[in-house]
Amino acid sequence: MPPRKSLPTRSRELALEVLEDVRRGSFAEHALSDRLEKAGTLRDEDRGLATELVYGVLRWRTRLERIIKQCSKHPSDRIRPDLREILDIALYQIFVLDRIPDHAAVDQAVIQARTRLGSRTAAFVNAILRRALRERATVDPLPGDDPVSLADYYSHPIWLVKRWIKEFGPQRTRRILSENNLKPPLMARVNRLKTTRERFADLLQRNGVTADLIPLLSDGVRIASMSGPVQALPGYKDGLFMVQDTAAQLIAPLLGVQKGDRVLDACAAPGGKTSHLAALARNWLRIVAIESDPVRLEETRKNLDRLGVDAAELVHGDASDPAFVKSLGEFDRVLLDPPCTNLGVLRRSPEARYRSRPSDPAVFAQIQLKMLNATAPVLKPGGMLLYSVCTVSEEETAGVVTQFLDTHQDFRLVPIRAGEVNASGLADEHGFFRTFPSPEIMLLDGFFAARLQRWADRRKA
């Protein structure tokens, strides 16, 4: 009987397929979810490793491909993309992920290459990885304080690294880059329409899931250990929680909704802030939630239904269209969370860093200002508007707000104070909410918010 042919593990094959999807333009989160669903029955260990490999490679890709370049006699642009991804997966296990034996990472990469591309390619993969192991310190040196070595090692666009060095200096920039490459915790906002966070945490622990209450948040729970997808967690199907980062959970309370308010959520998908607003007012308000993407609108509908939100009316439309927004009537509160460069959530969306360009912040700032100009007129006199983005560039944050106030004399900035966010470092001297760079005592996604009020008597403007 001939020897049984070795096959790559399902987790590594899944990771390779997802990385190929991302290369073709998919978002990692969606591609991974789709591939895991299509994989059918899968051990939790395989599911977890596939996820680790996908996000790990995306966080460290520039560093990994620099190692390939150091170890190969061929120019890196002549190595076909799927072969580079096989090497990336192996090198991530060898140089970053310390729980996989080196020999196992090499063997699996060789098997993947042989299965997909033939024996000659498998020999090439083996040679690259063996050299990387022999010359580890030489092919992967620690970075200095210069932008090129920091950008290469921590796998960030050099234009962004240069910006941060200019603003924060090399040491703080190194910390920012390192934090962006950490695996983010799974944060949940407990849905107070259905339970309390103490009862929810108890439910998790009774089912073997470790959870911690977050002092900074009234409804926040950090899920420290779990197996399987989020949808399999106790309470998910019953709508007891919404996955939402710490910084994102701090946004909706800043709007100060009151029972009976009519609220516009101008960019609502996937429904995290919409549902939070509803929970803050116990569903005793009216929310008009806009989303321009029909697919994301349906995703939002499913989330709100699961969470028991009956205060929201979902509307398909473009929040940058003044005529459309005006047709919705007037509002007591407006929440505008427009599209942005996502530079504040690179831990969670690492592929965004490779698609970003130096011109992107200015381009998005114009889109954001257009939406702000379109939504502001529907705010009632005396009403409050909250502008929020999950990015950190000055153009998209304070720059947009400053431009808006310069041309809208009937609006004023209402400063956000430290007491509102339970942390002095998150409210700056201008009254803006900023979570970037993260305070040393906690690691947060990078969010910005500014609160604007329309004069009750426009003649005072």
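The lining of the second largest pocket comprises 12 nonpolar, 6 polar and 6 charged residues, where Ala, Val, Leu, Ile, Met, Phe, Trp, Tyr, Cys and Pro count as nonpolar, Asp, Glu, Lys and Arg as charged, and the others, Gly among them, as polar. The model is a predicted one, in which local features need pLDDT of at least 70 and side-chain atom pairs count only at pLDDT 80 or more, while totals for chains, interfaces and linings use all residues. Residues are numbered from 1 along each chain as its sequence is written, and side-chain values use heavy atoms, with hydrogens and water left out.

The space in the second largest pocket is about 380 Å³, and of the 24 residues lining this pocket, Glu-167, Phe-168, Arg-434, Phe-436 and Pro-437 are the closest to its centre. Helix α9 (residues 158-168) supplies the largest share of the lining, 5 residues. A pocket here is an open set of points on a 1 Å grid over the protein atoms alone where a 1.4 Å probe fits, with protein on both sides within 12 Å along at least five of seven lines, and lining residues have an atom within 4 Å of a point; the volume is the space filled by probe spheres set on the points.

The structure also holds 10 aromatic pairs, a pair being rings of Phe, Tyr or Trp (its six-membered ring) with centres within 6.5 Å, called stacked if the planes are under 30 degrees apart, edge-to-face if over 60 and tilted otherwise. Two of these share Phe-448.

| Pair | Centre to centre | Angle between planes | Class |
|---|---|---|---|
| Tyr-387 and Phe-448 | 6.4 Å | 70° | edge-to-face |
| Phe-432 and Phe-448 | 5.1 Å | 50° | tilted |

Tyr-387 belongs to strand β9 (residues 379-389) and Phe-448 to strand β12 (residues 448-454), so that their pair links distant parts of the chain, 61 residues apart, strands being DSSP runs of E with at least two residues and helices runs of H or I with at least four. Phe-432, by contrast, lies in the loop between α19 (418-421) and β11 (433-434), so its pair with Phe-448 ties together parts 16 residues apart in sequence. Tyr-387 counts as buried at 0% relative accessibility, as does Phe-448 at 1%, where buried means under 20% relative accessible area with a 1.4 Å probe and protein chains only; Phe-432 is buried as well.

Elsewhere, Trp-60, Tyr-153 and Tyr-154 form one aromatic cluster, and the charged end of Arg-63 sits over the ring of Trp-60, 5.0 Å from its centre, a placement that requires CZ of Arg or NZ of Lys within 6 Å of the ring centre and within 35 degrees of the ring normal.

How values were computed
Buried means under 20% relative accessible area, exposed over 50%, partly exposed in between (1.4 Å probe, protein chains only).
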